[in-house]
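Hi,

Here is the structure we talked about. Have a look at it first, and then read on for what turned up.

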Amino acid sequence: GSNFMQMVTLIITSLAMGSTVMIGQHIGEGKPDKAGKTVGTSIVLFAIIGIAMTVILELFAGPIANILQVPAESFDKTVLYLRICSGGILIIIAYNVISSVLRGIGNANLPLLFVGIACAAMGVLKKGNLPIEFKKEDCRIDHDELKKVLNVGVPIALQETTVQISFLVINSIINGMGLMPSAGYGVAQKLTSFIMLIPSSVMQSVSAFVAQNTGAGK
């Protein structure tokens, strides 16, 4: 169950990279108003995605567990785990969208702070001294900004999806071997995910700064 939810989270993170890159480019171009439109578009886009994913995952937790060939001994708990995690998808998406905005402006410290104290980030975006012009009116889909965000985010998300599906196929095969092999694979995957946080974090940081310099013509 955790491997499947990890895939969902990584897809969301990868798609949000499109927002990070476009915000960074607009800041580099010296266009804070366009950066604000990207923020607003991202909020609406990911709210829609979050609601849709919550409904789908809540309804299809059982069939997903069947596809993954979850051992009978842990089937019910896997379904319950998927449904509990699905109930928090909107929170996961909210954190990733806010973090993508802050990374886009070159601030990687605030996302860390948000994880630690779970503070109200929208107030910071609205009132903070940030190089974007973000207003309540920006919380709508701007078609130009949506196209730019998706042009960057979708290929990254598709790449991550194909990689994660391959892991789920392996997971499904091992699940068919019984409870203990399944549990062992789950532990190994957790360790791998922890190690992969390092290159993933570097990737996100580099993306933000490259985007800003690209926008500035450097």
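This is a predicted model: local features need pLDDT of at least 70, side-chain atom pairs count only at pLDDT 80 or more; totals for chains, interfaces and linings use all residues.

Let me start with a term: on a 1 Å grid over the protein atoms alone, a cavity is a set of points where a 1.4 Å probe fits but cannot get out, while a pocket is an open set with protein on both sides within 12 Å along at least five of seven lines; a residue lines either one if it has an atom within 4 Å of a point. Points are joined across faces, edges and corners, and a volume is the space filled by probe spheres set on them.

Numbering runs from 1 along each chain as its sequence is written, and side-chain values use heavy atoms, with hydrogens and water left out.

**Cavity**

Searching the whole structure gives 1 cavity of 30 Å³ or more, with a volume of about 40 Å³ for the largest cavity. Its lining consists of T13, A16, M17, T20, N96, S100, R103 and Q204. Helices α1 and α5 each give two or more residues to that lining, and α1 gives the most, with 4. By type, the lining splits into 2 nonpolar, 5 polar and 1 charged (nonpolar: Ala, Val, Leu, Ile, Met, Phe, Trp, Tyr, Cys and Pro; charged: Asp, Glu, Lys and Arg; polar: the others, Gly among them).

Of its 16 lining residues, G1, S2, S74, T78 and S182 lie nearest the centre. Two or more residues of this lining come from each of α1, α4, α8 and α9, with α9 giving the most at 4 residues.

**The chain as a whole**

You'll see 9 helices and 0 strands (DSSP runs numbered from the N terminus: H or I of at least four residues for helices, E of at least two for strands). Of the 218 residues, 41% count as buried, meaning under 20% relative accessible area, with exposed over 50% and partly exposed in between (1.4 Å probe, protein chains only). Among contacts (heavy atoms within 4.5 Å) between residues at least 6 apart in sequence, 80% join residues at least 24 apart.

**Cores**

A nonpolar core is a set of buried Ala, Val, Leu, Ile, Met, Phe, Trp, Tyr and Cys residues joined through side-chain atoms within 4.5 Å. The largest has 24 residues, and F4, V8, F46 and I89 have the most contacts inside it. At least two residues each come from α1, α2, α3, α4, α5 and α8, and α1 gives the most, with 7. Leaving out residues up to four places away in sequence, V8 touches M53, L57 and I89. Another core lies apart from this one and has 10 residues, including I23, I27, A35 and I98.

Q189 sits in α9, which spans residues 179-215. This glutamine is buried, at a relative accessible area of 9%, and beyond its neighbours within four places in sequence Q189 is in contact with N3 and F167. Q69, in the loop between α3 and α4, has a positive phi near 55° although not a glycine. Q69 is partly exposed, with a relative accessible area of 44%.

Cheers
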